Amino acid sequence: MLDLWAASDAEPTHTDDLASLTRLMDADAEALVVAVDNGIVVGSVVAGWDGWRGSIYRLVVAPSHRHCGLGRQLLERAEGSLQERGATRLAAIVVRSDDRAVGFWRSTGWSEQHDRVRFVHG
C-alpha cells in the first residue's frame, strides 16, 4: 500500500507510514478498499466514516492500471461502503494542483465546492 502511494505521484502526507496505516485499520477495518492484480496492490481508497460524514481520501491507482475504470470502481465501492454504514453526505479531499486528480473527480459527477476553504492542523 505504502509503495503504491509513493509510486503514484500522490502528494505525500505525514500519515504515509506503517504505524498510521495500522492505526487506521485498528480503528476502522472497513476504511481501506484495495485493488489487487496478480498479488500486487494496484489501487486503493480510504473511505472514512465518523458517524456524521463520509470522507474519501487517498484514491490512488498505479500508473500501469490507469484509464481502465479502476478509479471509478474503487470510488463506487467506497461510496457504497460509506452509504451502507449510514453516510448520506460524502466529501473528498483532492489536491487542487493535481490536474490529473481534479480531472478525474470532475468526471465523476461530484460537485466541486468553490465557496469553502479547508483548514488543517498537523
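Visitor: What is the handedness of the crossing of helix 3 and helix 4?
Guide: In this predicted model, helix 3 and helix 4 cross in a right-handed sense.

Visitor: Which residues make the contact?
Guide: Helix 3 contributes Gly71, Arg72 and Leu75, and helix 4 contributes Phe104, Trp105 and Ser107. By class, three of these residues are nonpolar, two are polar and one is charged.

Visitor: At what angle do helix 3 and helix 4 pack, and how far apart are their axes?
Guide: The angle is about 60 degrees, and the axes of helix 3 (residues 70–84) and helix 4 (residues 99–107) are 11 Å apart. Helix 3 is therefore oblique to helix 4.

Visitor: Which residues of helix 3 are buried?
Guide: Leu70, Gly71, Leu74, Leu75, Ala78, Glu79, Ser81 and Leu82 are buried in helix 3.

Visitor: And what do those buried residues pack against?
Guide: They pack against helix 4 and against strand 1 (32–37), strand 2 (40–49), strand 3 (54–61) and strand 4 (90–92).

Visitor: Changing topic: where does serine 20 lie, and is serine 20 buried or exposed?
Guide: Serine 20 belongs to helix 2 (residues 18–27). Its relative accessibility is 11%, so serine 20 counts as buried, the cut-off being under 20%.

Visitor: Leaving aside neighbours within four places in sequence, what is serine 20 in contact with?
Guide: With those neighbours left aside, serine 20 is in contact with His14 and Thr15.

Definitions and conventions: Residues numbered from 1 in each chain as written. Predicted model: local features only at pLDDT ≥ 70, side-chain atom pairs only at ≥ 80, totals over all residues. Heavy atoms only, no water. Helix = DSSP H or I, 4+ residues; strand = E, 2+ residues; numbered from the N terminus. Buried < 20%, exposed > 50% of the residue type's maximum accessible area, 1.4 Å probe, protein only. Contact = heavy atoms within 4.5 Å. Axes fitted to C-alpha atoms, helices over the stretch in contact; angles between N-to-C directions. Parallel < 35°, antiparallel > 145°, perpendicular 65-115°, else oblique. Left-handed = near helix turned anticlockwise from the far one by under 90°. Nonpolar A, V, L, I, M, F, W, Y, C, P; charged D, E, K, R; others polar.
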